[in-house]
Amino acid sequence: MNRAITTTLHHYIGGKKVPGESGRAGDIFNPATGQVTKQVPLASKEEVGQAIGVAQAAFPAWSEVPAGRRAQIMFRFRDLIRSNMDGLAEAVSSEHGKTLEDARGSITRGLEVVEYACGISQLLKGEYSGSVAAGVDSWSMRQPLGVCAGITPFNFPAMVPMWMFPLAIACGNTFVLKPSEKDPSCPLLLAELMTEAGLPEGVLNVVNGDKEAVDTLLTDPRVQAVSFVGSTAIGQYIYHTGTANNKRVQALCGAKNHMLVMPDADMDQVVDAVMGAAYGSAGERCMAVSVVVTVGEGTTERIIEKLVPRVEGLKVGPYTDPDAEMGPVVTPDARNRIMGYIDKGVEEGADLVLDGRGIQVSGHEDGCFVGATIFDRVRTNMSIYTDEIFGPVLSIVRADSYEDAVKMINEHEYGNGTAIFTRDGDAARDFSHRVQIGMVGVNVPIPVPLAFHSFGGWKRSLFGDHAIHGPEGVHFYTKLKTITSRWPSGIRSGAVFNFRAGGEH
Ligand code: NAD
């Protein structure tokens, strides 16, 4: 294997860079070259315990800082992200492989959650009912939980951590982030920027690691809540282990997002939408469209006729090439796994319309590139349909009718996102109401809710009761307290032994 290691990364604990001491480390690739360029320390149980201890110690003071002052730090953090955008995007692209423009876009989506967190004073406002009984008032407030943990995937090393820690911290919690070991540089930089923005030491900590670090976060009694984003197999384990250890857990997981194309859809819009949604970020998005379901005679042919030349013209290259529209996938293992799925699709009898296996990017022969791939006549029992491939591989499934298409989507184990393309408002409305999916687009291929709404799928795409960011995020990172209060004046006295109707106490 090619090795050109230039850097060994660190943890970030108590507002400082801390070198790893476990003696274990993981490789970080530059996906465009296939070379290992950095090493990341993999934390031991003791190192993670140290980070949790620091976060625990920082909690009492931080939770007492007025929300408005916590928001001031978020405002400064927002400005620092903007002024450091180029360096953050470079950190994402050099380890993930996505284009710089795509990296900037994903950081901006994370930034929107920071902006939402800037309004934390308003978001934490409780409810108040005066005179619920004679001389009695009642109100509610939301209080922070304590130490919260975040475990994040490789595909959005900036955005997904920013779905979590800004809101958790703005709510008054302290945080331990365990980013993906494949691309941890950007999350480490974000933690440094939080310190620069004025965040007290220990409120945000980053530990790098693998299963050992994750298991420590899941079992340590000082951790109150765990947010996870990643694959379904791991997410299910996180949810069960975390809740068995009495933690609040939200686990956002894998996906197979279907785009339903009705015969009346505008095919130019459909093709534009498929290009971005299937091949943007080389298909490594949990909201990527990986299945197009066509309804009606000739719909598939009309799509393929326009789609194939567009896909053939897609410029694939490293992030350093400003003309590149699609970069490599994250590691050689990911490339081999995706190529294996294309082999399987052929073996299972799907029609391979465009084959991405033979791609060569000049000057980057060892890069982790997979060309954009299209399969037609995919059937629902094929592994390229059932499994999340997480690469630039699109399956077209021909449905006999609209009803069959809806049934197919509802029967898939994943329920993250879906979209319908049509000019028929009745079909769009029916689809939006009946489809068993958490995020639905009408003529919008990637219906990612903005920061002031909440993001989350259904079925095996989310374990737990809360979606992430937006109002659900505030609820996840806080607990409700309701106070019922009376100031006896001597006007009314005497013990009351029974509950009474009408709220009388
Ligand atoms: P992954 O599940 O392999 O890793 C996610 C995190 O879990 C990482 O921090 C990793 O270190 C940790 N982890 C891995 N194996 C573990 C184990 N055995 N025990 C404990 N922890 C472990 O996911 P990934 O490959 O990094 O990311 C891609 C996946 O994330 C896809 O399935 C994608 O759909 C999903 N994803 C979902 C959403 C969403 O919002 N639903 C968003 C982004 C990504």
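This is a predicted model: local features need pLDDT of at least 70, side-chain atom pairs count only at pLDDT 80 or more; totals for chains, interfaces and linings use all residues.
## Ligand contacts

A polar contact is a pair of N or O atoms within 3.5 Å. Cysteine 253 takes part through its backbone, where a polar atom lies 2.7 Å from a nitrogen atom of the ligand.

The ligand is surrounded by 25 residues. The closest are Lys178, Glu181, Ser231, Cys253 and Glu388.

## The seven-stranded sheet

Seven strands make up an open sheet with mixed pairing. Their order across the sheet is β15-β16-β17-β14-β13-β19-β20. The edge positions belong to β15 (351-354) and β20 (439-442); each has a single partner strand, so one side of each has no neighbour in the sheet. From one strand to the next, the twist averages 20°.

Strands β13 (residues 257-261) and β19 (residues 417-421) are paired in the parallel sense, over four bridges. Within this pair, histidine 258 is opposite threonine 418 of β19. Helix α10 (residues 267-279) lies across β13, β14 (289-295), β16 (373-376), β17 (393-399) and β19. Relative to β13, helix α10 runs at about 170°.

## Salt bridges

Side chains of opposite charge can pair when their charged atoms come close. The whole structure contains 27 salt bridges. One of them joins the side chains of glutamate 212 and arginine 24, with an N to O distance of 3.3 Å. Glutamate 212 is partly exposed at 33% relative accessibility, and arginine 24 is partly exposed at 31%.

Another salt bridge is formed by the side chains of arginine 104 and aspartate 86, at 3.6 Å from N to O. It links helix α4 (residues 100-117), which holds arginine 104, to helix α3 (residues 85-96), which holds aspartate 86; the two residues are 18 apart. Arginine 104 has a relative accessible area of 32% and is partly exposed, whereas aspartate 86, at 56%, counts as exposed. Arginine 434 and glutamate 403 also meet through their side chains, with an N to O distance of 2.8 Å. Here the linked elements are helix α15 (residues 425-434), with arginine 434, and helix α14 (residues 402-411), with glutamate 403, and the pair is 31 residues apart. Both residues are partly exposed: arginine 434 at 33% relative accessibility and glutamate 403 at 42%. Salt bridges also form a network that links Arg78, Asp79, Arg82 and Glu115.

## Aspartate 102

Aspartate 102 is located in helix α4. With a relative accessible area of 18%, aspartate 102 is buried, because the cut-off for buried is under 20%. Leaving aside residues up to four places away in sequence, aspartate 102 touches Ser281 and Arg285. With arginine 285 there is also a polar contact between the two side chains, at 3.1 Å.

## Histidine 412

Histidine 412 is found in the loop between α14 and β18 (414-415). Its relative accessible area is 6%, and the residue is therefore classed as buried. Not counting residues up to four places away in sequence, histidine 412 touches Lys256, His258, Tyr385, Thr386 and Lys459. Among these, His258 is the residue that stands opposite threonine 418 in β19. The backbone oxygen of threonine 386 is 3.4 Å from a polar atom in the side chain of histidine 412.

How values were computed:
Residues are numbered from 1 along each chain as its sequence is written. Side-chain values use heavy atoms; hydrogens and water are left out. Two strands pair if DSSP finds at least two bridges between them. Axes are lines fitted to C-alpha atoms, for helices over the stretch in contact, and angles run from 0 to 180 degrees between N-to-C directions. Contact means heavy atoms within 4.5 Å. A salt bridge is a side-chain nitrogen of Lys or Arg within 4 Å of a carboxyl oxygen of Asp or Glu. Buried means under 20% relative accessible area, exposed over 50%, partly exposed in between (1.4 Å probe, protein chains only). A residue is near a molecule or strand if one of its heavy atoms lies within 4 Å of it. A polar contact is a pair of N or O atoms within 3.5 Å; within protein, one must be able to donate a hydrogen and the other to accept it, and residues adjacent in sequence count only if both atoms are side-chain atoms.
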